[in-house]
Amino acid sequence: MIELLKAILFGIVEGITEWLPVSSTGHMIILDEFIKLDCTPEFLEMFLVVIQLGAILAVVILFWNKIFPFQFRDKDKPVIEMDKIMLWLKIVVACIPAAVVGILFDDVFEALFYHASCVALALIVFGVAFIIVERRNKGRRAKVRKLDDITFQTAFIIGIFQLIAAVFPGTSRSGATIVGALLIGVSRSVAAEFTFFLAIPVMFGASLLKLVKFGLSFTTLEAGVLIIGMLVSFFVSVFVIKFLMDYIKKHDFQVFGWYRIVLGILVLVLGAVGVISV
């Protein structure tokens, strides 16, 4: 029972931090320093990635009409909406850098950078980046104000920023891609939506790799922990995504930048006094 309660807590943290630009992986690594799941290191490594599938499902459901290209207006004649096909092609282009590097070097990056000190530094660096970019853009009119306005070149540049997050935990995949999008003139709402859509193939692919690596042999407790974590992350994500899309209509991302800086400093201080391992 205690392990299932821990899974609920991990699911809540995942559902909140996956979509806010504050780094879900970073928060999960930090949470694991305080609340240890009673599991093998191999299961924990897989769990911290696959739990994100619940959060991804929330995006699929909430944005179904924006991303599903096959519409059935007439039962006998399904309509293919080419603008959505083009959107998926741009998503694929944006995913290429992280996918290639992730497949080739995932274990290397995990061994080098998946610890609290790197998470803290990435939190601080991209926190500062958010503040600088938002202040730089203040008063400027975004060049890209609709999803259709995103070009293949723009998508690939955003994908390069996503690659940074794939290498350095604590950067935040959504944070990195939003910063990159803002830098090249994409509006906040479009940057957020495109970031959500990028997560679908990226997280499904990453989860598949982790499941294949771990194998599909779970104990009853492991299966329960994974399923509960995913379910909780799904329901929390639904509310967080709606909140973020409403929030950015009236506010910028600077508050998340300051949060990242404070959290990063806190992690370094906790590491310095020996509360967590860095």
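## Helix 1 and helix 11

Helix 1 and helix 11 pass each other in a right-handed crossing. The structure shown is a predicted model. Two packed helices are described by the angle between their axes and the distance between the axes. For helix 1 (residues 2-17) and helix 11 (residues 220-247), the axes come within 7 Å and cross at roughly 35°.

Helix 1 contributes several residues to this contact, including Leu-4, Ala-7, Ile-8, Gly-11 and Ile-12. Among the partners in helix 11 are Leu-221, Gly-224, Val-225, Ile-228 and Val-232. Sorted by class, the contact of helix 1 with helix 11 comprises 11 nonpolar, 6 polar and 2 charged residues.

## Helix 7 on its own

Helix 7 contains 22 residues. From first C-alpha to last, helix 7 reaches 31 Å, close to the 32 Å expected at 1.5 Å a residue. After helix 7 comes Gly-139, which has a positive phi, near 85°.

## Helix 7 and helix 9

How are helix 7 and helix 9 oriented to each other? The axes of helix 7 (residues 116-137) and helix 9 (residues 173-183) cross at roughly 25° and come within 10 Å. Angles under 35 degrees count as roughly parallel, and helix 7 and helix 9 are therefore roughly parallel to each other. Their crossing is left-handed.

On the side of helix 7, the contact involves Phe-126, Phe-130, Val-133, Glu-134, Arg-136 and Asn-137. These residues meet Gly-175, Ala-176, Ile-178, Val-179, Leu-182 and Leu-183 in helix 9. The contact of helix 7 with helix 9 divides into 8 nonpolar, 2 polar and 2 charged residues.

Key
Residues numbered from 1 in each chain as written. Predicted model: local features only at pLDDT ≥ 70, side-chain atom pairs only at ≥ 80, totals over all residues. Heavy atoms only, no water. Axes fitted to C-alpha atoms, helices over the stretch in contact; angles between N-to-C directions. Helix = DSSP H or I, 4+ residues; strand = E, 2+ residues; numbered from the N terminus. Parallel < 35°, antiparallel > 145°, perpendicular 65-115°, else oblique. Left-handed = near helix turned anticlockwise from the far one by under 90°. Contact = heavy atoms within 4.5 Å. Nonpolar A, V, L, I, M, F, W, Y, C, P; charged D, E, K, R; others polar. Expected span 1.5 Å × (residues − 1).
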